[in-house]
Amino acid sequence: MIRHRRPATVLAAALFASLVTLGGCTGNDPTASTAQVQTAEVSGAPLIPRPVSLQLGEGRYTVDNATGIHAQGEAAGRVAAQFIELLGRTTPLQLKTTDGAGGINFRLVEAADGASPEAYVLDIGNDGISIEAGDERGLFYGAMSLWQLLAGQQAGAVSLPAMHVEDAPRFGWRGLMLDSARHFWSVEQVKSMIDAMAVHKLNTFHWHLTDDQGWRIEIKRYPKLTEIGGCRVPQGDAGRKADGSPNLYCGHYTQQQIRDVVAYAAARHITIVPEIDVPGHAQAAVAAYPEHGVVDGPTEPSHNWGVNPYLFNPSEETLQFLEGILTEVIDLFPGAYIHIGGDEAVKYQWQASAQVQALIRELGLKDEEAMQSYMLKRLETFLEAHDRKLLGWDEIIEGGLPPQATVMSWRGTEGGIEAATHGHDVVMAPGHTLYLDFLQTDLPDEPPGRPKFTPMQKIHAFDPVPEQLTPEQRKHVLGVQANVWTEHMRLFERVQHNVFPRMAALAEIAWSPVEGKDYDEFLTRLPAQLQRYKALGIPYAQTALSVAMQRRDDRANGTVTAELSNPMGYADIRYTTDGSAPTAQSPAYDGPLTLPVPTTLKAAAFFDGRPLADAASSWTLDAASLLSRNDKTLAQCPQGGRLLLRLEDDNPLDGPRENFDVSIFNPCWLWENAQLQDVASIHVRAGRLPYNFGLLREEEARRGFRKPVAAHGEFEVRDGCEGPVLASVPLPEAPGTDGFIELEAPLHAPANDVANLCMTFSGDTRPQMWVLKQVTLQ
């Protein structure tokens, strides 16, 4: 066994390049005979996140059901029990503890001065395996590394190479935020996310529990927060049952359930940080207790996404109300931090309120931003008195930071830089890189969300420590966090799709040293992680592993030129044109393919001779495809604005729903360089969606539409967005029973038979807007 403790350099990419070689599967029968047991052999060490130091040695050690586990002490016994349970749940290996020295040994040892409590050493040699750490946390992470090496093979025995790993995290804050306010997730679903965080060595679960659309945490002294604030009526058809009655969307966590989740996370060395939004994102709370809002009269939890104007009022009575809430939150969550939001608190209601303006003058404050700072400083004093720290989004800098506040920087890294330069701790969570409601790819198969996509490469390349900070200021960067906002994630499968496999890149930037960082090398370890996801039952995104196609049509010659790529950057793409599924022996893609019409093109990305996605990507290139486009393959017009969304239909109540790509400021679709020879008319399929977006006033000013001419408006096609009209047809009053309309209009082609078809629907987009689904040239 390798016993040396000298520092070792991180292995070169070649040592990680080999993956698991499957030797077969014997199922989960621990009594299988030696003759029946198949052995999987692991080459290299495809660990995620990449460890600080790893050296391969001579020899191997095989783990099978005869391998004993020995744990020295109570803490080591807990880790060993967790390891045995996880391994038994995800592999055929059913191991047991032994009284004597076992084949796998868990030991707590005296740590060196200044060592991280999350550090560990993993040794694999010819005579067994040892995991040592100075703290139970480090021992747990060492167990997760060993589990990674054993999981995913589905064999009755696993042969591991000798190796020596010395590892510790780069950051103490390695976080993931889950939004349970916009859409509510069950306790079991939340726990499954915590399980996934643990095997990625993430240690902070930020739980977004309150917002305009729902209040999800039971507060016993204020029961209406969940009775009223925990239910909303969705916008549009989704908000009404067949009999016309409200279709309430409800959900909250009881305090007993929260204590259960907190204990579950703590057992996996994950701290939960609750978020209670102040002073904005408060509509659900104000609906429950209007006296703590600003606007007179009742309201209801919002069914709109975006930015809503409802604020808590800054009166003494409301501050006491908030302190009462925080008292119960503190009792439920033993972690050091309480997140109080502070973001997107537009001050329209405060500006219009005589009472609030009078209070600003009475307190001698400069403006509404200073009023927000006053509230947050008051709440910080309360939290500090209860041994808690205030954490908020970077807007809490405006108006003056509370003295001890920690800043979570989401509007880029600038807020974090400013806070760190003034001696405040920060967590980097920039939206442009670490918001996981941004789609993984620009492929049409992605679920609803923000099509301004964030690929794996962008996350992996992010460094949470800005170069412009001094060494002393860099110490204030506690770590990094990705955020999962769920406006567009109606189903938990969508949450999993958006999080995985991107969580692997998050783990890497949170744990691994920046030295030696190499995305191509990371890609060599990722396929093994995908096998672990399968063992854990995680339905990770297939889109990022599939093949994308860019096409150029030539109707005159009846051909399509296809350019293929993998969104993650895997280079080995194989394709077929005969309808069969690609294999490792299929032709390798090495440049654009010019194909005759009709052709069925299929393609898949491979690594180490195996396809990465579960199914090949497929395209039918026929005459009809040359004449048709949909919302996913059309461009957005320049005047459509920057906010492109992939929005889900509001019906049916149950079952799959269609989705549409649309820019909500000025909906417009563009078919660039459309070839119109022999085209007589244009056929359109369109749906209609509720316009449920809260916009800032400056954004509202950008929202545009053409005034209608016909009674209910018209669908119009122009040659360029400001060019001559090529087609126009009146719109009906309402869509059909299936939620769609079909329209056809003569198309007047320009003299050169080529046009940039700019397509719009006239009429105000509120309260409902028409959205294009398919356009076909006839």
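**Figure 1. The largest pocket and the residues at its centre****.** The largest pocket of this predicted model has a volume of about 1,400 Å³. Its lining is made up of 48 residues, and those closest to the centre are Pro444, Met549, Arg551, Lys632 and Thr633.

**Figure 2. Residue classes in the lining of the largest pocket****.** Nonpolar residues account for 18 positions in the lining of the largest pocket. The lining also holds 16 polar and 14 charged residues.

**Figure 3. The second largest pocket and its central residues****.** A volume of about 1,100 Å³ is computed for the second largest pocket. This pocket is lined by 42 residues, and nearest its centre lie Val307, Glu344, Trp410, Arg450 and Glu699. Two or more lining residues come from each of the strands β16 (305-306), β31 (644-648) and β35 (693-694) and from each of the helices α11 (368-385) and α13 (431-434). Sorted by class, the lining of the second largest pocket comprises 16 nonpolar, 10 polar and 16 charged residues.

**Figure 4. The largest cavity and its lining****.** The model contains 2 cavities of 30 Å³ or more. The lining of the largest cavity divides into 3 nonpolar, 2 polar and 4 charged residues.

**Figure 5. The second largest cavity and its nonpolar lining****.** The space within the second largest cavity likewise comes to about 40 Å³. Its lining consists of Ile276, Val278, Leu322, Ile325, Leu326, Ile340 and Leu379.

**Figure 6. Secondary-structure elements around the second largest cavity****.** Strand β15 (271-278) and helix α8 (316-332) each contribute at least two residues to the lining of the second largest cavity. Helix α8 makes the greatest contribution, supplying 3 residues.

Key:
Residues are numbered from 1 along each chain as its sequence is written. This is a predicted model: local features need pLDDT of at least 70, side-chain atom pairs count only at pLDDT 80 or more; totals for chains, interfaces and linings use all residues. Side-chain values use heavy atoms; hydrogens and water are left out. On a 1 Å grid over the protein atoms alone, a cavity is a set of points where a 1.4 Å probe fits but cannot get out, and a pocket is an open set with protein on both sides within 12 Å along at least five of seven lines; lining residues have an atom within 4 Å of a point. Grid points are joined across faces, edges and corners, and a volume is the space filled by probe spheres set on the points. Ala, Val, Leu, Ile, Met, Phe, Trp, Tyr, Cys and Pro count as nonpolar, Asp, Glu, Lys and Arg as charged, and the others, Gly among them, as polar. Helices (H or I, at least four residues) and strands (E, at least two) are DSSP runs, numbered from the N terminus.
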